[in-house]
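Please work through each task with the sequence and structure at hand before reading its solution.

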Amino acid sequence: MGLFDRLRPRPKEDDAVAENTWLVVGLGNPGAQYAGNRHNVGQMVADELASRLGASFKTHKTPSRVAEGFLRPGGPKLVIAKPNGYMNTSGGPVSALLKFYARGPERLIIVHDELDIPFDTVRLKHGGGHGGHNGLRDIAKAIGNEFTRVRVGVGRPPGRQDAADFVLKDFSSTERSALPNLLSDAADAVEAVADLGLVAAQQRFHAPS
């Protein structure tokens, strides 16, 4: 290598990585008493994603636990986060994560439970209202609603059961048998958004079976 080659500016690998980094936040509540709740399915998906990447969650400068890894060599980087606070205070941690990683909402994927679609169903959406979901409401209040959502169906409560009580209950024994497949599908959806883009991911996951 000649002198001029050594002096010539080179593209920074870190810049390229930063450009292709996605922040993925799994919503839920902290503590063992909530771990199996329907409301915590977003954090269950975050655990599945971290496991696939061989990454572990660690404390972070933001009020979240974070795991990082690449989908494949040279591929998109995922920063997977689980906020430390309760669902209805998700906006602060998400805003702090975006600032820390210098990402805009267009590079944010929120994974959350969804009452308005059947259990064992995954749907993808950009923007839209919070639909009464306290976590989404607080995030939209903090950063707006221009982010991608991976909506993990938990179904409607039976009879006249209150929706808030329903999501704070664990999955039924029947649901638990299907839960690994649901978590896998939702993790696949996150990876597809990061790797292929939202439209291509929607075509894959919204196609009739």
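**Exercise 1. The contact of α4 with α5**

Task: Determine which residues of α4 and α5 meet, and describe how the two helices cross.

Solution. In this predicted model, Gly91, Gly92, Val94, Ser95 and Leu98 of α4 meet Asp138, Ile139, Ala142 and Ile143 of α5. Sorted by class, the residues of this contact comprise five nonpolar, three polar and one charged. The next step is the geometry: the axes of α4 (residues 91-101) and α5 (residues 134-143) come within 8 Å and cross at roughly 45 degrees. That angle makes α4 oblique to α5. The crossing in which α4 passes α5 is right-handed.

**Exercise 2. The contact of α3 with α7**

Task: State how α3 and α7 are oriented to each other, and list the residues that make their contact.

Solution. Begin with the axes: those of helix α3 (residues 41-53) and helix α7 (residues 173-196) come within 9 Å and cross at roughly 70 degrees. The two helices are therefore roughly perpendicular to each other. From α3, the contact draws on Val41, Met44, Val45, Glu48, Leu49 and Arg52. From α7, the contributors are Leu179, Leu183, Ser184, Ala186, Ala187, Asp188, Val190 and Glu191. Classification of the residues in the contact of α3 with α7 gives nine nonpolar, one polar and four charged.

**Exercise 3. A salt bridge of Arg52**

Task: Identify the side chain with which Arg52 forms a salt bridge, and locate both residues in the chain.

Solution. The side chain of Arg52 meets that of Asp188 in a salt bridge, with an N to O distance of 2.7 Å. Arg52 lies in helix α3 and Asp188 in helix α7, 136 residues apart, and the pair thus links distant parts of the chain. The count of salt bridges comes to 10.

**Exercise 4. The contact of α7 with α8**

Task: Describe the crossing of α7 with α8 and the composition of their contact.

Solution. The axes of α7 and helix α8 (residues 198-205) come within 7 Å and cross at roughly 145 degrees. α7 passes α8 in a right-handed crossing. Asp185, Asp188, Ala189, Ala192, Val193 and Leu196 of α7 make the contact with Leu198, Ala200, Ala201, Arg204 and Phe205 of α8. These residues divide into eight nonpolar, no polar and three charged.

**Exercise 5. Confidence**

Task: Report the average pLDDT of the protein and locate a stretch where the pLDDT is below 50.

Solution. The average pLDDT is 91, and 91% of the residues score at least 70. Residues 9-13 have a pLDDT below 50. Beyond near neighbours in sequence, this stretch has one contact in the model.

Conventions
Residues are numbered from 1 along each chain as its sequence is written. This is a predicted model: local features need pLDDT of at least 70, side-chain atom pairs count only at pLDDT 80 or more; totals for chains, interfaces and linings use all residues. Side-chain values use heavy atoms; hydrogens and water are left out. Axes are lines fitted to C-alpha atoms, for helices over the stretch in contact, and angles run from 0 to 180 degrees between N-to-C directions. Helices (H or I, at least four residues) and strands (E, at least two) are DSSP runs, numbered from the N terminus. Angles under 35 degrees count as roughly parallel, over 145 as roughly antiparallel, 65 to 115 as roughly perpendicular and the rest as oblique. A crossing is left-handed if the near helix is turned anticlockwise from the far one by less than a right angle, and right-handed if clockwise. Contact means heavy atoms within 4.5 Å. Ala, Val, Leu, Ile, Met, Phe, Trp, Tyr, Cys and Pro count as nonpolar, Asp, Glu, Lys and Arg as charged, and the others, Gly among them, as polar. pLDDT is the predictor's confidence in each residue, from 0 to 100. A salt bridge is a side-chain nitrogen of Lys or Arg within 4 Å of a carboxyl oxygen of Asp or Glu.
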